[in-house]
Amino acid sequence: MPTITESTALPELSTDDLSRYSRHLILPEVGMEGQRRLKAARVLCVGTGGLGSPLALYLTAAGIGTLGLVDFDVVDSSNLQRQIIHSTKDIGRKKIDSAEEKLSALNPAIDIVKHETMLSSANALEIMKDYDIVADGTDNFPTRYLVNDACVLLGIPNVYGSIFRFEGQASVFATKAGPCYRCLYPEPPPPGLVPSCAEGGVLGILPGLVGVIQATEVIKLILGKGDSLVGRLLLVDALNMRFRELKLRKNPECPVCGTNPTVTALIDYEHFCGIVPGTPQEKNLKNGIPQITVKELKARRDAGEDVFLLDVREPYEFQIAQIGGKLIPQNDVPQRLTEIPRDREVVVHCRSGARSQRIAEFLKQSGYTQVVNLAGGILAWSDEVDPSVQKY
Amino acid sequence: MIIYIPTPLRVYTGGKDSVEVEAPTVAQALEALTQAHGDLRKHLFTPEGKLRAFVNLYLNDEDVRYLPAREASVVTASDTLSIIPSIAGGC
């Protein structure tokens, strides 16, 4: 929580501030003191992508005095469907520079601090210690656990949001009396079970919805007003426009924030999440599934081999581009196993190689002994074998 | 009672976002669910039969872990069970 509580220690508002924030000043819940608290606050946004875009924009608009940004990624055209802080002209540019430019244009008085790095156990505490609140806009499990643990160790609230397809979650973790992320999820899912946005897709507006919920919670914590999401998990279903709330409890046996913590320093989070770097002998095996490259598949077909290629994408994707596979959308696979031969090799493919990897693992668990995943999917085929196959 | 299936697990229920079961307790409702959709079992339970720690189960809006009877809690037809997995997307 912000350490500044004495009114006299809060920064004064300039004439520009009084004009810019007039709509805040009129609100009883904000007023002069609230706006001064916002000006004194130091918030770290981890990620300037889907969640980070609306987060950073609204916090800047609200007058947060110091906004730290963490990102090491570069703007890609596929980001622009939802990462609205970036523009078409920024494609190829560092996200952190693009974000800083837009935020400074919106509100030049904000002190933007760029941390152009990947957050890791080696640097997280050092980076985060200068902030009062952290807003987590990352996109992978190891970093989420890292941010959580670092926040608990530093005593800083972690305003959490996450998205998947058309569903979102939001809460506030790591306050002294409230639960932390590990109280809710002591264990990460096995790698590959929950796809990333690139693999599973995401409704473009969804991070906008959830990111602004996070920005709202950050502002409420700073103002000390309203009912925060501490101890509450907000579930957003954008497709059906339903909002549900579940109760979250602090786990007294939580290894990080419980009464007898066993995690008192940051750990190796990739290892914790089961992501083990491939050894040289295993580089063609992923979770026990052999990988085949698109060039290898092409060579086998050119040699006249009748390869059974299973395409697990959706019908609309098949209409955009296909490479002669048998289409059984992933959700239908369990019900259509009779159509997939068990006595010969089955090569599974999708758009990028992620869904097909999961289905390949499922087939293996269902007793198939000759299952192979096409690494890189249609995208790799288009890049390396046949550019006339449409990428999407 | 209705069991809400989260998006990452719908591939194992033929795409359904909810499944209707009849059962007297939480544990038996889950048993009915995994009987009907066998591939769910290994994603919800460890080989020893314990609920996996990255899967949260809510009876209405309460975490089952914190209910006095936990998985033995009695349920009625109007109760709902929600399986809440971790999701990490943010990009």
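**Helix packing, an enclosed helix and the A–B contact**

In this predicted model, helices α4 (residues 52-62) and α5 (residues 95-106) of chain A pack with their axes 9 Å apart, at an angle of about 25°. Angles under 35 degrees count as roughly parallel, so α4(A) and α5(A) fall into that class. As for handedness, the crossing of α4(A) and α5(A) is right-handed. On the α4(A) side, the contact is made by A56(A), L57(A), T60(A) and A61(A), and these meet A99(A), L103(A) and L106(A) of α5(A). Sorted by class, the residues of this contact come out as six nonpolar and one polar, with no charged residue in the set.

Further along chain A sits helix α14, which covers residues 354-365. With 12 residues, α14(A) reaches 17 Å from its first C-alpha to its last, close to the 16 Å expected at 1.5 Å a residue. Nine of those 12 residues are buried, so α14(A) is largely enclosed by the rest of the structure. A residue counts as buried here if 20 or more other C-beta atoms lie within 10 Å of its own. The buried stretch takes in R355(A), S356(A), Q357(A), R358(A), I359(A), A360(A), E361(A), F362(A) and L363(A).

Turning to the two chains, the contact between them takes 37 residues from chain A and 26 residues from chain B. On the chain B side, the elements giving two or more residues are β3, β4 (62-63) and β5 (80-85).

One chain B residue that touches chain A is A53(B), and leaving aside residues up to four places away in sequence, A53(B) touches P186(A) and E187(A). A53(B) lies in a loop of chain B, between α2 (41-44) and β3 (55-59). It has 15 C-beta neighbours inside 10 Å, so A53(B) counts as partly exposed. Within chain B, the C-alpha atoms of A53(B) and P85(B) are separated by 9.5 Å, although the two residues are 32 residues apart along the chain.

How values were computed: Residues numbered from 1 in each chain as written. Chains lettered and ligands numbered in written order. Predicted model: local features only at pLDDT ≥ 70, side-chain atom pairs only at ≥ 80, totals over all residues. Helix = DSSP H or I, 4+ residues; strand = E, 2+ residues; numbered from the N terminus. Expected span 1.5 Å × (residues − 1). Contact = placed C-beta atoms within 7 Å. Axes fitted to C-alpha atoms, helices over the stretch in contact; angles between N-to-C directions. Parallel < 35°, antiparallel > 145°, perpendicular 65-115°, else oblique. Left-handed = near helix turned anticlockwise from the far one by under 90°. Nonpolar A, V, L, I, M, F, W, Y, C, P; charged D, E, K, R; others polar.
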